[in-house]
Amino acid sequence: MFLSPAGNLGNLQKGERTGKYRVGKDDMLFDEKGNSFISVEDYAVAMVDELEKPQHHFERFTVAY
């Protein structure tokens with residue numbers, strides 16, 4: 001597993017997490033406004049989700065909103 005964050009990795013207010021994110025492969029993900037962002041909290045959720053239910057064996061993937 002090779003998990004790449006969005007272009008910008010940051011924090012939401014007071015450690016909140018949404019639990020929602022999009023998954024991509026080798027290309028950076030952008031939202032409708034052209035931003036590439038994921039919070040540290042949701043990045044961690046994505047990592048744990050992948051560890052619990054592996055979907056990307058020996059390949060890189062990325063997560064963003």
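Here are some notes on this predicted model, from the overall fold down to its salt bridges.

1. Surface and contacts. Buried residues make up 29% of the 65 residues. The accessible surface comes to about 4,700 Å², with 53% of that belonging to carbon and sulfur atoms. Looking at contacts with a separation of 6 or more, 83% are between residues 24 or more positions apart.

2. Strand β5. This strand is worth a look: β5 pairs with β1 (residues 2–4) through three bridges, running parallel, and with β3 through three bridges, running antiparallel. For landmarks, F61 in β5 is the bridge partner of L3, while A64 in β5 is the bridge partner of R22. β5 is also mostly covered, with four of its five residues buried.

3. How many salt bridges? The count is two. One is K25 with E59, where the closest N and O atoms are 2.6 Å apart. This pair links distant parts of the chain, 34 residues apart: K25 is in the loop between β3 (22–24) and β4 (37–39), and E59 is in the loop between α1 (40–52) and β5 (60–64). The other is R60 with D26, at 3.3 Å from N to O. Here too the pair links distant parts of the chain, 34 residues apart, with R60 in strand β5 and D26 in the loop between β3 and β4.

4. E59 has 26% relative accessibility, so it counts as partly exposed. K25 is partly exposed as well, because its relative accessibility is 45%. In the other pair, R60 sits at 40% relative accessibility and therefore counts as partly exposed. D26 has a relative accessible area of 53%, so it is exposed; the cut-off for exposed is over 50%.

5. R60 lies in strand β5 and its partner D26 in the loop between β3 and β4, and β3 itself runs antiparallel to β5. K25 is in that loop as well, whereas E59 is in the loop between α1 and β5.

Key. Residues are numbered from 1 along each chain as its sequence is written. This is a predicted model: local features need pLDDT of at least 70, side-chain atom pairs count only at pLDDT 80 or more; totals for chains, interfaces and linings use all residues. Side-chain values use heavy atoms; hydrogens and water are left out. A salt bridge is a side-chain nitrogen of Lys or Arg within 4 Å of a carboxyl oxygen of Asp or Glu. Helices (H or I, at least four residues) and strands (E, at least two) are DSSP runs, numbered from the N terminus. Buried means under 20% relative accessible area, exposed over 50%, partly exposed in between (1.4 Å probe, protein chains only). Two strands pair if DSSP finds at least two bridges between them. Contact means heavy atoms within 4.5 Å. Accessible areas come from the Shrake-Rupley method with a 1.4 Å probe; for residues, only the protein chains shown count as cover.
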